[in-house]
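Please read the following alongside the sequence and the 3D view.

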Amino acid sequence: MTDYDDLFADTAPDDSVFVDKGVLDPLAEPESIHARESQERELATVLNGVHDGYLPPTVSVYGPPGTGKTLTTRRVCHEFAERHEQVAVEYVNLKECRTLFRAANEILYELTGERKKAYQGLDGVFAGIWAALADYPAWTVLLLDEIDHIRRDTNYDPNEFFYRLLRGEGKLKRDISLSIWLLSNELLEIDLRLDSRVESAMSDEQVFFPPYGIDDLRAVVGPRLERAFHEGTVPEEVRAYGVQEAARRWGDARKALTLFRQAGETATKRKFDRMTRECVDANLETTEREATVEKLLSLPFNHFFVLTGVVSWTENSEIKQPVTTAEVHEALSREGVPDQICLGQRAVRDVITDLETMGLVETWIDSRGAEGRIKRIETTFEPEWVPETIEQYATESTYFTKLDPV
Ligand SMILES: Nc1ncnc2c1ncn2[C@@H]1O[C@H](COP(=O)(O)OP(=O)(O)O)[C@@H](O)[C@H]1O
Ligand SMILES: [Mg+2]
């Protein structure tokens, strides 16, 4: 029988390097924003348009994960709305919205606290949105976060959705001034392949959040490390090393915070009185894997599918790397693969080019050997991470619905 008094600690162990680990939680709102002055200025410039009677119909706020898009955009808009009563700001995160109906309903819920039933359809939801906005201040800024999670939808077309949001009849009739800010990792026009009708209704106002460099990450993470750890437990040399590796690999503040938290846990577990380089190293791979898996899960179906082809050959019971385009194509055309997802050589080649742009594979031309000049392909990460992710992709990816039986 377990004695729970033995099991639970009364206090933190004396040898813990942490004072307040919660400070390193990426979800905890930091007091101040560092190293994003130029983005703050760009966002403020857009908002200042209110004084001239103009806000752009859309603003694209984009950049890789963990670069402060959500934090900075929310805060700047909030501070502006605090100071200007003719402006309202609403924030909606669309990450969990798998259909356009859900997404529209989430916006309605943010505005009114109520949702429409499915039978009321997108028409019903939009009617509700325009009715709610009619009572809003002169200007409404609508922040739509993680908008790139919106996908092809069997019931509605994203073009239709955006067109309505931008040019909806109810909106025009009531003369509602709405500025829709789209927060995403990629530029939306590229990602969703919006048609020209929608594109011409959007403005080309863009604010880019680049990955953090070493100095930026130091400024972002530094104050949090001061508060999270006992004095002297994160030696300057180790802090510099962690920041440098986080910047070099990800440029992502969220991952940098996580890396230091995990390195601190390793130090405590090993009963070290301070964090060492080895504590950082021990967690680099874990964080790296998490980062890659996250990328894999957000890939369109064809891209993920082609990657499974890239890692599907074995040699001495290990995944064979590199492979050729022909081998990838052959793997993807094996018996048992449904016709509807088969890809031609050319399509495979195009997807591989995309994957290379995304930094997931590396390719080079090999001119040695009997076959002449031939393209070699290998993953930039541990190839095992692909098969290890298949099941999760099948359950979590919004792209996977493509395989639903018709
Ligand atoms: N410039 C910054 N200053 C302070 N903390 C930051 C900064 N950028 C990111 N962070 C931290 O990282 C977390 C993730 O940032 P977030 O804005 O959500 O990134 P994104 O939306 O680009 O993925 C924030 O909640 C915050 O804790
Ligand atoms: Mg975000």
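A residue is near a molecule if its C-beta atom, placed from the backbone, lies within 6 Å of that molecule. Of the 17 residues around ligand 1, those that come nearest are G68, K69, T70, L71 and A253. This is a predicted model, in which local features need pLDDT of at least 70, side-chain atom pairs count only at pLDDT 80 or more, and totals for chains, interfaces and linings use all residues. Residues are numbered from 1 along each chain as its sequence is written, while chains are lettered from A and ligands numbered from 1 in the order in which they are written.

Two helices, α3 (69–83) and α12 (253–269), each supply at least two residues of the shell around ligand 1; helices (H or I, at least four residues) and strands (E, at least two) are DSSP runs, numbered from the N terminus. The largest share of this shell, three residues, comes from α3.

The domain assignment, which is automatic or from a database, gives domain 1 (10–24 + 212–296), domain 2 (37–208) and domain 3 (301–402). Domain 1 and domain 2 each provide at least three residues of the shell around ligand 1. The C-alpha centres of domain 2 and domain 3 are 36 Å apart.

E146 sits in the loop between β3 (139–145) and α6 (158–167). Is E146 buried (20 or more other C-beta atoms within 10 Å of its own), exposed (12 or fewer) or partly exposed (in between)? E146 counts as partly exposed because it has 19 C-beta neighbours inside 10 Å. V92 is 54 residues from E146 in sequence, and their C-alpha atoms are 8.9 Å apart in space.
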